Amino acid sequence: MRVLGIETSCDETGVAIYDEQQGLLSHQLYSQVKLHADYGGVVPELASRDHVRKLVPLIKQTLLEADCSAEDIDGIAFTKGPGLVGALLVGSSVARSLAYAWNKPAVGVHHMEGHLLAPMLDEPAPAFPFVALLVSGGHSMMVKVAGIGQYQVLGESVDDAAGEAFDKTAKLLGLDYPGGPLLAKLAEKGEAGHYDFPRPMTTKPGLDFSFSGLKTFAANTIRASDGSEQTQANIAFAFQEAVVDTLAIKCKRALKHTGLKRLVIAGGVSANKQLREDLAIMMKKINGEVFYPRLEFCTDNGAMIAYAGLQRLKAGEIEAMSTKARPRWSLEELPPI
Ligand code: KG4
Ligand code: ZN
């Protein structure tokens with residue numbers, strides 16, 4: 001089976017073709033980062049309009065690169081939610097219409113299931129069951145994964161997502177949008193021992209997260225600082241250290257709670273080098289395994305949607321002709337396959 005995957009839930013237009021036997025045949029990404037940079041964040045209406053402009057040419061380019069035509073495609077997968085409603089509607093309308101025109105099945109994919117399965121695009125793929133830490137710009141959650149569609153959310157953020165906290169703190173430090181990767185880069189120049197940021201919700205039991213307090217702590221620290229370049233880097237270092245530490249503490253707790261020793265980290269923040277390093281050390285200590293997506297598949301992309309869609313199409317799931325976008329959609333609502 002060969003699936004065309006379409007991702008348009010936020011500010012990246014992603015298209016890919018995944019073949020069950022041959023793997024990924026082509027993937028293309030158009031990032032709207034420059035379009036939103038002047039506003040310091042994603043402007044939903046601009047995002048939708050840009051998806052309208054870019055999606056069809058990107059589909060053509062992906063087909064060309066994979067040397068495929070409509071006859072070579074067995075199904076079309078698209079991100080149905082969660083995300084920005086206008087952006088989701090562009091992907092779902094194009095995907096559903098194309099599937100109708102080509103007389104192929106379409107399937108609506110949950111964006112976070114896409115992230116969660118992204119490490120399966122490469123070898124070695126994690127075996128079920130595992131604990132997944134999903135950390136993106138819109139969501140932070142800890143999930144027990146028994147199989148595809150068998151998800152138990154063990155904890156989630158009660159306020160900002162981890163990526164959102166990175167972006168907001170980066171903005172306070174005067175960095176461009178999206179600030180997460182820029183803050184991580186600045187932190188590389190920072191020194192330890194200058195600032196001690198809190199590790200929110202780690203002293204109480206439980207697997208929920210809270211990151212908005214860290215952002216406020218950063219705002220107060222920045223205000224009281226001398227504003228020098230080195231100080232900015234030290235603050236970035238301390239902030240990143242606090243987020244990474246907090247996530248690692250929660251992962252350890254989730255593994256203990258579930259009795260599992262296999263961990264998957266996915267979503268935009270899983271690209272964070274410090275997080276990857278610290279979790280690798282932690283998992284080695286407990287004799288466990290940790291899996292991440294390839295760096296380019298940590299953030300939003302079409303490949304993860306093609307892969308997740310293929311699993312669901314194979315299980316016989318087909319999206320009705322009249323489809324709805326699901327801006328809010330719990331992972332736990334998904335049917336097991
Ligand atoms: O998964 P994603 O592409 O989009 C959503 O589904 O939200 O995640 C984007 C988020 C942004 O907040 C971005 O700043 C963050 O992931 N991010 C990072 C890094 N790379 C991306 N945060 C920290 N360190 C990074 N290296
Ligand atoms: Zn995402």
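Let's start at ligand 1: one of its oxygen atoms sits 3.1 Å from an N or O atom in the side chain of His111. That is a polar contact, meaning a pair of N or O atoms within 3.5 Å; within protein, one must be able to donate a hydrogen and the other to accept it, and residues adjacent in sequence count only if both atoms are side-chain atoms. With Gly137, a backbone N or O atom lies 2.8 Å from a ligand oxygen. The protein covers 88% of the 550 Å² of accessible area that ligand 1 has on its own; such areas come from the Shrake-Rupley method with a 1.4 Å probe, and for residues only the protein chains shown count as cover.

Before I go on, please remember that this is a predicted model, where local features need pLDDT of at least 70, side-chain atom pairs count only at pLDDT 80 or more, and totals for chains, interfaces and linings use all residues. Residues are numbered from 1 along each chain as its sequence is written, chains are lettered from A and ligands numbered from 1 in the order in which they are written, and side-chain values use heavy atoms, with hydrogens and water left out.

Back to the shell. There are 16 residues around ligand 1, and His115, Gly137, Asp167, Asn272 and Asp300 come nearest; a residue is near if one of its heavy atoms lies within 4 Å. Which helix gives the largest share of this shell? That is α5, with three residues. Helices here are DSSP runs of H or I, at least four residues, and strands are runs of E, at least two, numbered from the N terminus.

Now the zinc ion, ligand 2. Its protein donors are His111 (NE2), His115 (NE2) and Asp300 (OD), at 2.0 to 2.1 Å. Donors are N, O and S atoms within 2.8 Å of the metal (3.2 Å for Na, K and Ca), and water is not among the atoms, so sites may look incomplete. Along the chain, the donors follow the spacing H-x3-H-x184-D. His115 in helix α4 and Asp300 in the loop between β10 and α10 are 185 residues apart, so the pair links distant parts of the chain. Are these two buried or exposed? His115 is buried because its relative accessibility is 0%, and Asp300 is buried at 13%. Buried means under 20% relative accessible area, exposed over 50%, and partly exposed in between, with a 1.4 Å probe and protein chains only.

Let's look at some strands. In β5 (residues 106-110), five of its five residues are buried. β4 (residues 75-81) pairs with β5 in the parallel sense over five bridges; two strands pair if DSSP finds at least two bridges between them. Ala77 stands opposite Val107 in β5. β7 and β8 run antiparallel, joined by six bridges, and in their hairpin Gly149 takes a positive phi near 85°.

Finally, some backbone details. Most residues other than glycine have a negative phi, and most peptide bonds are trans. Yet Asn103 has a phi near 60°; this residue is exposed, with a relative accessible area of 70%. Met201 also has a positive phi, about 60°, and is partly exposed at 27%. As for peptide bonds, Phe128 and Pro129 are joined by a cis one with omega about -5°, and the bond from Tyr177 to Pro178 is cis too, with omega near -10°.
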